[in-house]
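Welcome! Please take a look at it below before reading on.

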Amino acid sequence: MSTSAESAIDQLLTCLSDGGLRVVDLTNQLSAATPTLRLPEPFANLIDFSLEPVSEFDDSGPLWRHNNIHTGEHIGTHLDAPRHWISNRDGADVSQLPVSRLIGPAHVLDISAQAAADPDFLLEIEHIQAWTAEHGPLRPGGWLLVHSGWDQYARDRDAFLNFSDGTSHTPGISAEAARWLAEETPIAGYGVETVGIDSGNGFALDPPMPAHHHLLGADKYGITSLQNLGSLPPTGALVVVCPLPIVGGTGSPARVLAVVAS
């Protein structure tokens, strides 16, 4: 390791210990009550998260407590790997994702006002270009994190999924913007506060679920159900995404952290 690299690490550790930097948890709590995606029939749904007690300071384990966990891959705050979608069906599984692409600069785009006025609001290319005109280009290996304000509903399944007339009404991204992000920008991933990286009515777009289709098809990653994006600046934060390295996995619950100046 070079002297300059060691110095940078020492400076980072010092700033963390003296409060010059703070760590923000961007992760929703994971429990049986965590709001999860609900697909209509005839499509199959993943199981919700649950704990199965194995021992609790009893004959099965007198000095310890431990549980089995039961969960789908795409539950709570979770990462979508490229092979999750048909557009990259033979792509990388979660265990194969380069760790260098799971940490990078955060670009935080605020659409909370638009989403409050219209829960079906879609992010367009012009919105991203307006953001870059003000804050600078999307950096290689960075993550575009969309603050919609939807994390306020993270403890309320009905409000979070917002179903009416047979459709979930949650904000997302247009097909054109998803393709543009996938093909024209150097980001590693795209993160949202909603239950999935597409809008609630994403199946009605062309192609269906365009964020999944274009971004995962281009070997970029998705992260969902994020929290506290409103506490991050538009630029200057570092995001760290930590999924479980599940061999063959198409996704994984993840702990997502941001490091930001105090």
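Is Asp48 buried, partly exposed or exposed? Asp48 is partly exposed, because its relative accessible area is 23%, and the class runs between buried, under 20% relative accessible area, and exposed, over 50% (1.4 Å probe, protein chains only). This is a predicted model, in which local features need pLDDT of at least 70 and side-chain atom pairs count only at pLDDT 80 or more, while totals for chains, interfaces and linings use all residues. Residues are numbered from 1 along each chain as its sequence is written, and side-chain values use heavy atoms, with hydrogens and water left out.

**The chain as a whole**

- The protein chain has 6 helices and 14 strands; helices (H or I, at least four residues) and strands (E, at least two) are DSSP runs, numbered from the N terminus.
- Its radius of gyration is 19 Å, close to the 18 Å that the globule rule gives for 262 residues, so the chain is as compact as a globular protein of that length. The radius is taken over C-alpha atoms, and the rule is 2.2 Å times the number of residues to the power 0.38.
- Along the principal axes, the C-alpha atoms fill a box of roughly 65 × 60 × 35 Å.
- Buried residues make up 45% of the 262 in the protein chain.
- Among contacts with a separation of 6 or more, 74% come from residues 24 or more positions apart; contact means heavy atoms within 4.5 Å.

**Salt bridges**

- The structure holds 6 salt bridges, each a side-chain nitrogen of Lys or Arg within 4 Å of a carboxyl oxygen of Asp or Glu.
- One of them joins the side chains of Arg255 and Asp25 at 2.6 Å, N to O. Arg255 lies in strand β14 (residues 251–261) and Asp25 in strand β1, so the pair ties together parts that are 230 residues apart in sequence.
- Asp48 pairs with Arg157, and their closest N and O atoms are 3.7 Å apart. Since Arg157 lies in helix α4 (residues 157–161) and Asp48 in the loop between β1 and β2, this pair ties together parts that are 109 residues apart in sequence.
- Another bridge links Arg101 and Asp219, with the closest N and O atoms 3.0 Å apart. It connects distant parts of the chain, 118 residues apart: Arg101 is in the loop between β4 and β5, and Asp219 is in the loop between α6 and β12.
- Salt bridges that share partners join Arg38, Asp48 and Arg157 into one network.

**Helix α6 and its surroundings**

- Helix α6 is mostly covered, with 6 of its 8 residues buried. Those buried residues pack against β4, β10 (172–173), α5 (175–184), β11 and β12.
- In the loop between β11 and α6, Met209 has a positive phi, near 50 degrees, in a residue other than glycine. Met209 counts as buried because its relative accessibility is 11%.
- The loop between β11 (189–192) and α6 (210–217) also holds Pro207, which a cis peptide bond joins to Asp206, with omega about 0 degrees.
- Asp219 follows α6 and has a positive phi, near 65 degrees.
- Asn88, in the loop between β4 (78–80) and β5 (103–110), is in contact with residues including Leu216, Gly217 and Asp219.

**A buried tryptophan**

- Trp143 lies in strand β7 (residues 143–147) and counts as buried because its relative accessibility is 0%.
- Trp143 and Gly191 are 48 residues apart in sequence, while their C-alpha atoms are 7.0 Å apart in space.

**A nonpolar surface patch**

- Ile9, Leu12, Leu13, Leu16 and Val23 make a nonpolar surface patch of about 400 Å². Patches are made of residues with over 30% relative accessible area and no salt bridge, where like charges are joined within 9 Å and nonpolar side chains (Val, Leu, Ile, Met, Phe, Trp, Tyr) within 5 Å; the areas come from the Shrake-Rupley method with a 1.4 Å probe, and for residues only the protein chains shown count as cover.
- Helix α1 (residues 3–18) gives the most to the patch, with 4 residues.

Definitions and conventions. Lists of a residue's contacts leave out its neighbours within four places in sequence.
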